[in-house]
Amino acid sequence: MKLQEIKDLLRCEVLAGEDDLHIDVQEVVASDGMSEILAFAKSKELMITGLTNIQSIRTADIAGVSAVVYCRGKRPDKKVIEFAKQKRIPVLVTDMVMFDICGILYNKGLKGVS
Amino acid sequence: MAAELLRESFEIQGRNFDKAGEISSEIKVILRDLGIDAANLRRVVIVAYEGEMNVVMYADRGTLTLILTDEDVNLEIKDEGPGIPDIELALQPGYSTASDEMREMGFGFGMGLPNMKKNSDEFWIESEVGKGTSVFAKIRLNSNV
């Protein structure tokens, strides 16, 4: 599924990577625990998290995920967004809660990693 | 005997959450530029990052040494921290002594050391309570776990 479709489904605002919405993702890793992301992500997933600090983007970079969606309307500060741009990681933000996001994306055929 | 190709040490600042992870990102760039394949690179940087975060969270300072040979990547992470009283317990998934502040940073869920071990081919910890902890990890370049 393209990031553009995910953006529309989750009614996201794009904070970084507006030009990269053609990126395709098939799997999702969702957690507020960064070690959990690191333990389960294999690379190129969509990462969903409510953690908006600099470690979220650092973890996304180390784990090699394709894009980050921040849930529950939590917005990262400017420094975090700049860091994501520097690492070329698209960042989207939605007001939806993690449960609903996962349900919507699962219904559309995306799978979790295990 | 494996031939050593690169040895570099990095100072880790304890309690500095803004900089936490910078060393691991730097190691990722160094090893990627040297042509280490993506799967092994991923394992190395996860071990480095979890190790770096442990030092930042628990210790005043530490050192991460990267040693690349023609057979493997070795990471030695040594800190001046509180030490680990029971290493076996610390390696159990889910066991954690993290503070609320650490958990707010997205870490401290009892997965760090198990993650490091899982991504290493050889892994061991030496620790002395009140003095510090040393973690050694070896990732072989011809293996994929």
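In which sense do S1(A) and strand S5 of chain A pair, and over how many bridges? S1(A) and S5(A), the latter covering residues 91–93, pair in the antiparallel sense over 3 bridges, where strands are DSSP runs (E, at least two residues) and helices are DSSP runs (H or I, at least four residues), numbered from the N terminus, and two strands pair if DSSP finds at least two bridges between them. This is a predicted model, in which local features need pLDDT of at least 70 and side-chain atom pairs count only at pLDDT 80 or more, whereas totals for chains, interfaces and linings use all residues. Residues are numbered from 1 along each chain as its sequence is written, and chains are lettered from A in the order in which they are written.

**Sheet of chain A**
- An open sheet of mixed pairing is formed by 6 strands of chain A in the order S1-S5-S4-S3-S2-S6.
- Strands S1 (13–16) and S6 (111–112) of chain A stand at the edges with a single partner strand each, so one side of each is left without a neighbour in the sheet.
- The bridge partner of Glu13(A) in S5(A) is Val93(A).

**Strands of chain B**
- Leu68(B) stands opposite Val73(B) in S3(B).
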